[in-house]
Amino acid sequence: MSTAEVTAAPADVYTPEARADDARSLVKRCALWGAGAGLLPFPLLDVALVTGVQVKMIYELSKIYEVPFSENRAKAIVGSLANTVVPGTAAASLVGGVASLVKSVPVVGTVIGLAVSPTVSYAVTYAIGRVFIQHFETGGTLLNFNPDQLRDHFKAEFEAAKADAPSTTEAAKAAADAVKAEGKPAATKAS
């Protein structure tokens with residue numbers, strides 16, 4: 001995902017509606033990228049890519065809302081929020097790790113992992129984005145983001161996103177369409 005995708009205007013002409021529209025569009029696009037990354041059949045590689053998409057999304061949201069960004073803080077928050085819905089994950093690198101590790105079981109594991117991982121990846125990414133939009137819109141920053149205070153909101157967004165998550169086929173198509181729309185081959189895409 002390139003930084004050119006954020007269509008932020010200078011703060012004095014960036015209306016709250018335009019900012020919110022850009023933020024929602026970014027979150028939806030990143031959630032689809034997350035679902036696409038969840039389709040990768042390689043255990044834990046998908047997790048690393050989804051985490052990268054989530055951190056990049058927070059970076060782009062920080063730019064939209066003109067909030068200072070810290071990659072380490074973003075990774076810690078992603079891990080903390082993900083632990084809310086994927087119990088036992090202690091760090092961002094393990095988000096969705098259970099669904100990812102299932103893929104290592106020959107044949108059956110791959111099928112189950114490919115059915116579950118895109119949905120979880122989509123929903124976690126979407127929920128993280130929605131929580132950050134709400135936090136930034138109320139004047140919050142990465143430094144004063146308190147995952148414990150936002151867990152219930154995150155859980156609600158996660159459950160809503162699961163219901164709205166694309167199927168495996170839809171996730172693959174959306175990822176391919178996103179690559180085409182940007183005019184870059186997937187192999188050279190930097191998220």
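Six aromatic pairs turn up in a search of the whole structure, where rings of Phe, Tyr and Trp (its six-membered ring) pair if their centres lie within 6.5 Å. One of them joins Tyr-65 and Phe-136, with 5.8 Å centre to centre and 50° between the planes, a tilted arrangement; planes under 30 degrees apart count as stacked, over 60 as edge-to-face and the rest as tilted. Because Tyr-65 lies in the loop between α2 and α3 and Phe-136 in helix α5, the pair ties together parts that are 71 residues apart in sequence. Helices here are DSSP runs (H or I, at least four residues), numbered from the N terminus.

This is a predicted model, in which local features need pLDDT of at least 70 and side-chain atom pairs count only at pLDDT 80 or more, while totals for chains, interfaces and linings use all residues. Residues are numbered from 1 along each chain as its sequence is written, and side-chain values use heavy atoms, with hydrogens and water left out.

Tyr-65 counts as buried at 8% relative accessibility, and Phe-136 does so at 5%; buried means under 20% relative accessible area, exposed over 50%, partly exposed in between (1.4 Å probe, protein chains only).

Helix α2 covers residues 45-64, and its 20 residues should span 28 Å at 1.5 Å a residue, which agrees with end C-alpha atoms 29 Å apart; the expected span is 1.5 Å times one less than the number of residues. Since 14 of its 20 residues are buried, α2 is largely enclosed by the rest of the structure. Glu-66, which follows α2, has a positive phi, near 55°.

The axes of α1 and α2 are 9 Å apart and pack at an angle of about 170°, which makes the two helices roughly antiparallel (over 145 degrees). Among the residues that meet across this pair are Trp-33 of α1 and Met-57 of α2. Leu-61 touches Ala-23, Leu-26 and Val-27, and its other partners include Phe-132 and Phe-136, not counting residues up to four places away in sequence; contact means heavy atoms within 4.5 Å.

Definitions and conventions: Axes fitted to C-alpha atoms, helices over the stretch in contact; angles between N-to-C directions. Parallel < 35°, antiparallel > 145°, perpendicular 65-115°, else oblique.
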